[in-house]
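The sequence and structure come first.

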Amino acid sequence: MSSPSHDTDTPPPPAHVAIIMDGNGRWAKARGLPRVAGHQRGVDALRGVVEAGQEMEIDFLTLYAFSSENWKRPPTEVDDLMGLLRLYLRRELRELHRNGVRIRFIGEWRKLAPDIVKLIEDAQNTTDANTGLTLVIAVNYGSHREIVEATRTIAAAVADGAMTLEDIDEASFARHLHTDGIPDPDLVIRTSGEQRLSNFLLWQAGYAELVFMDVLWPDFTKQSLQQAVDEFHQRERRYGASSG
Ligand code: IPE
Ligand code: IPE
Ligand code: MG
């Protein structure tokens, strides 16, 4: 679907961009600052990227904010990250809602502190009917657990007769993932020079284009997002077919 603001020479943006926001700690270290300072600047970068996503008319923007493995970090750092999530939701919800952003969380966010669970429920409920950018925030998310949980739910449904073995296929499996209703990402970006997925959208990113960038997350700008999208447009997506 094209919109009047896209001139005909510009290819449409990827419908779903997912970002592994990495490098906050190294950004802080390079400046002799505590890691939390990097995370704070990381939230500023996030704000800018959500704005850029809206301007570029991306439909879905998924941000990896906290992995199921990030609990291995020192408790003080975990507290700092949870504190920033609280602040973000308290401060940004009104503005995001005004801009028509629909907010969705993936990951085991119901296991977070009760006040954060409440903020998340409130953000999702308030913005549920919005039709602009869908902002998907991955918190306490890990693909391995997501896939195991989906398998358990399906196995239980088969065991009690609600589903048959034949009912299990790629589409029905995907409906049991946290991303039910969200199209697979077209583009996955990781910042900070690391080239791995760290348990992020392993099923969903099966055919995503991967773009690894050296920029540390707090330095990521609208231009950085544009650069990744430009790179995406250079790629030829073949899905296993012969080259055209
Ligand atoms: C990304 O920055 C933020 C989270 C993972 C929560 P890091 O904190 O991983 O930064 P580096 O990788 O140590 O530089
Ligand atoms: C991935 O970054 C998780 C998030 C960005 C939330 P990490 O910094 O935790 O990943 P590893 O440990 O380097 O793989
Ligand atoms: Mg990291």
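In this predicted model, the shell around ligand 2 is made up of Ile20, Met21, Asp22, Tyr64, Ala65, Phe66, Ser67, Asn70, Arg73, Arg190, Arg196 and Ser198. Strand β2 (residues 60-67) provides the largest share of this shell, with 4 residues. By class, the shell around ligand 2 has 5 nonpolar, 3 polar and 4 charged residues. The space that ligand 2 takes up is the largest pocket.

Ligand 1 also sits in the largest pocket. Its shell consists of Met21, Asp22, Gly23, Asn24, Gly25, Arg26, Arg35, His39, Ala65, Asn70, Arg73 and Leu81. Helix α1 contributes the most to the shell around ligand 1, namely 3 residues. The residues around ligand 1 comprise 3 nonpolar, 5 polar and 4 charged.

| Ligand | Residue and part | Distance |
|---|---|---|
| Ligand 1 | Asn24, polar backbone atom | 3.1 Å |
| Ligand 1 | Gly25, polar backbone atom | 2.9 Å |
| Ligand 1 | Arg26, N or O atom in the side chain | 2.7 Å |
| Ligand 2 | Asn70, polar side-chain atom | 2.9 Å |
| Ligand 2 | Arg196, polar side-chain atom | 2.8 Å |
| Ligand 2 | Ser198, N or O atom in the side chain | 2.6 Å |

For ligand 2, the protein covers 78% of the 390 Å² of accessible area that the ligand has on its own. For ligand 1, the protein covers 86% of the 380 Å² that the ligand has on its own. Two elements give two or more residues to the shell around ligand 1: α1 (24-30) and α2 (35-55).

The volume of the largest cavity is about 40 Å³. Lining the largest cavity are Ser68, Gly107, Glu108, Asn140, Tyr141, Gly142, Arg145, Glu146 and His178. Strand β4 (134-141) and helix α5 (143-159) each supply at least two residues of this lining. Divided by class, the lining of the largest cavity comprises 1 nonpolar, 5 polar and 3 charged residues.

Technical notes: Residues numbered from 1 in each chain as written. Chains lettered and ligands numbered in written order. Predicted model: local features only at pLDDT ≥ 70, side-chain atom pairs only at ≥ 80, totals over all residues. Heavy atoms only, no water. Near = heavy atom within 4 Å. Polar contact = N/O pair within 3.5 Å; in protein donor to acceptor, adjacent residues only side chain to side chain. Areas by Shrake-Rupley, 256 points an atom, 1.4 Å probe, with all protein chains shown as cover. 1 Å grid on protein atoms, 1.4 Å probe; cavity = no way out; pocket = protein on both sides within 12 Å on 5 of 7 lines; lining within 4 Å. Sits in = over half its atoms within 2 Å of the grid points. Nonpolar A, V, L, I, M, F, W, Y, C, P; charged D, E, K, R; others polar. Points joined across faces, edges and corners; volume = space filled by probe spheres on them.
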